[in-house]
Amino acid sequence: MASRALYSPRHPVLKKRDDFEDVLEERRRSSDLRYALRCYTPTLYKGLVPCKVSMLKSIVLQSDHLQCVIKQVSSESGDSTECVAEEASLILDEMAHRMQLSTVRFFVFTLSKAFKRLFRSVCVNEEGIQRLQQAVQEHPVVLLPSHRSYMDFLMMSYLLYMFDLPLPVIAAGMDFMSMKFIGEMLRMSGAFFIRRSFGGDKLYWAVFSEYVKTMLRKGYAPIEFFLEGTRSRTCKSLTPKTGLLNIVMEPFFKGELFDVSLVPVSISYERVLEESLYARELLGVPKPKESTSGLLKARRVLSEDYGSMHVYFGHPVSVRSLAEGKIKRSQYNLLPRYIPQKPSVDTHEFLNDAAFRLVRIQEENMVLKPWVLIATLLLQNPDGMDLSSLTEQTDWLRHLALAFGAFLDWPDHEACSEVISCSLALHRRLLSVSAGHVQLSVTDAPQVETTPEEAVFQRAVVVLSCASYRNQILHVFLRPALLAVAMQSANSSRKDDIYNCFNFLRNMFSNEFILCPGDSVQDFEEACYLLMKRGVLQVLEHEIVMSASGQSTLAFLCSVLEPFLQGYQVVCRYLCEETNENLTEKEFIPAVRSFALKLILAGRLKCCEALSSDLQKNALAALLRLKAVRKVKVGDQVTLKVNKIAVNSLEDTMGKSDVISK
């Protein structure tokens, strides 16, 4: 079963993946209006007709769970139960979707036009759709797409309509409600709006959780949310959030549902619509507020070419099978079902573990285009490469990636040079090609004099944009790369010494990458297996020895992690050399960015990725987790207290870089 595969050792090279079909091919040949108005007859859960929106609201407000919380809040606040119940009703009105098929049809017509302009193809795995059609008839379904673009949830609803599947109800941030007209259109297409943070608002949480669980119990529609919580600005998978996952699993834990099917969905872009916007956000430029006027101004993207898009519907994962032997459901029988219970420690660990493994499935099913290989090489060669050398190394890297289990979409029967030429043309805004030499460059910047700081910023936008594509393939190289760096750092061939270094690096970077809790030994063995199979090293009983031909592969893998090592070292160096006693959490990111910029301008640091706020936040999270930094609340502010000895020790263990030394 798919759910058991979630916990079994992976053999990436042996994995069979489904074939794809281009769903835009037919759209280019027929009427979009006729298509949007066609007969829509979705497959239903156990043949049940979904209740009306008004009935759904009534069921939620009258539920035992919400009535219990209303009484609790009334008792704690001193307000009457009628007053609290009215507040709960207003919260639900603000939150709830009001799906209307007429609005969905309008979106289908509009999106058909837009997708044909934006993408050369939108490829979907047919077998995944067939599995989903079966799953929605048997158990309530939860859709878990990856999240790299605003396009994700639009494409999901579009595809479910296309294949006569029930339209999902989608958890969306309140940001979209500020978009006049568009916000309401999204609500009428199945979006329900929730706050980014609930704080300690017990009533809001009760309304939200009961609303989601009621839709699940009634088989109202597939529920869709993003495990990562927000769009990834770096195109790396983010550490998953478990709040909503707990809500959709709880009806099973409490015996209200026999099972729930979780369907991980991997959405891949050859070119991401928001690439330069994300890079600027990572460099401290505020995120533009969602607005209808902003959407209209963004119409110029319709004249751009964004290549192909792939959507891979993974195997449904049974919560029942997933929880077998891990969750004692009897603990939920100790209290009536309607009384709120916080997840136990065991439940929390199970949710965390399941969330990480679901995101790993998303990663493994990401379709990777040739550009991610090219971007990886160009970032490792900042002065550029001859086209012939780039072609040769890309072909070498393609075979390495495939040997490591990459899901690579490489055109059949095309010369490598032709594939690379097409990729360079699609991403021409990020690079320059002159006299057979290719390098990353600012090609669309105004030809005016700039300050050194502005020049670094412009360069960093290009580097971070390019890094977002390299990041898409990091999960393929990550474990072998950790082993390669560990072999370099250990300064020993003893297996135990190398494993200790591997484990340290894995722990250090566990906020940066998706590394499943408790899988350190399995990850180490997988890395050894992949490199041994490739002939890079020999794994003996007590030693790991590099083979004569393994140097180039290990050097490449070390270079993959170098930007992250340097970025973390910059953070450590700042905390040891520049920080003051009253550094607040809010001041941390701007201060580290300013420090990194000074190093770059002084020629002591070449790594522009050290300017990324995402990397800086992850480094701080690691230092807090390892207790090298503490948070102390002083008044209304949170201050960072640095243990400089501990930070220095961690920096030494990572390996000091000459680039940022004094």
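The model is predicted, so local features need pLDDT of at least 70 and side-chain atom pairs count only at pLDDT 80 or more, while totals for chains, interfaces and linings use all residues. Residues are numbered from 1 along each chain as its sequence is written, and side-chain values use heavy atoms, with hydrogens and water left out. Helices (H or I, at least four residues) and strands (E, at least two) are DSSP runs numbered from the N terminus.

**The second largest pocket**

- A pocket here is an open set of points on a 1 Å grid over the protein atoms alone, with protein on both sides within 12 Å along at least five of seven lines; a cavity is a set of points where a 1.4 Å probe fits but cannot get out, and lining residues have an atom within 4 Å of a point.
- The second largest pocket has a volume of about 1,200 Å³, where a volume is the space filled by probe spheres set on the points, and grid points are joined across faces, edges and corners.
- Its lining counts 49 residues, and Phe 198, Trp 205, Phe 208, Gly 243 and Leu 244 are the ones nearest the centre.
- Two or more lining residues come from each of helix H5 (64-77), strand E4 (169-173), helix H11 (202-217), helix H12 (243-253) and helix H16 (345-364).
- H11 gives the most to this pocket's lining, with six residues.
- By class, the pocket lining has 20 nonpolar, 15 polar and 14 charged residues; Ala, Val, Leu, Ile, Met, Phe, Trp, Tyr, Cys and Pro count as nonpolar, Asp, Glu, Lys and Arg as charged, and the others, Gly among them, as polar.

- Val 248 is found in helix H12 and counts as buried at 0% relative accessibility (buried means under 20% relative accessible area, exposed over 50%, partly exposed in between, with a 1.4 Å probe and protein chains only).
- Not counting residues up to four places away in sequence, Val 248 touches Val 142, Val 212, Leu 216, Phe 225 and Val 260; contact means heavy atoms within 4.5 Å.
- Leaving out residues up to four places away in sequence, Glu 250 touches Lys 213 and Gln 341.

**Cavities**

- The structure holds six cavities of 30 Å³ or more.
- The largest cavity has a volume of about 230 Å³ and a lining of 22 residues, with Arg 148, Cys 235, Ser 237, Asn 471 and Gln 472 nearest its centre.
- H21 (474-490) is one of the elements that supply at least two residues of that lining, and its four residues are the largest share.
- Cys 235 lies in the loop between strand E6 (223-224) and H12, is buried at 5% relative accessible area, and has a positive phi near 65° without being a glycine.
- The second largest cavity holds about 150 Å³ of space, and its lining has eleven nonpolar, two polar and no charged residues.
- Helix H7 (101-118) and helix H9 (151-162) each supply at least two residues of the lining of the second largest cavity.

**Rings**

- A search of the whole structure finds 24 aromatic pairs: rings of Phe, Tyr and Trp (its six-membered ring) pair if their centres lie within 6.5 Å, and planes under 30 degrees apart count as stacked, over 60 as edge-to-face and the rest as tilted.
- Phe 20 and Phe 407 form a tilted pair, 6.0 Å centre to centre with 40° between the planes.
- Phe 20 is in strand E1 (residues 20-22) and Phe 407 in the loop between helix H18 (387-403) and helix H19 (416-426), so the pair ties together parts 387 residues apart in sequence.
- Phe 20 counts as partly exposed at 25% relative accessibility, whereas Phe 407 counts as buried at 12%.
- Ring pairs also link Phe 115, Phe 119, Tyr 158 and Tyr 269 into a cluster.
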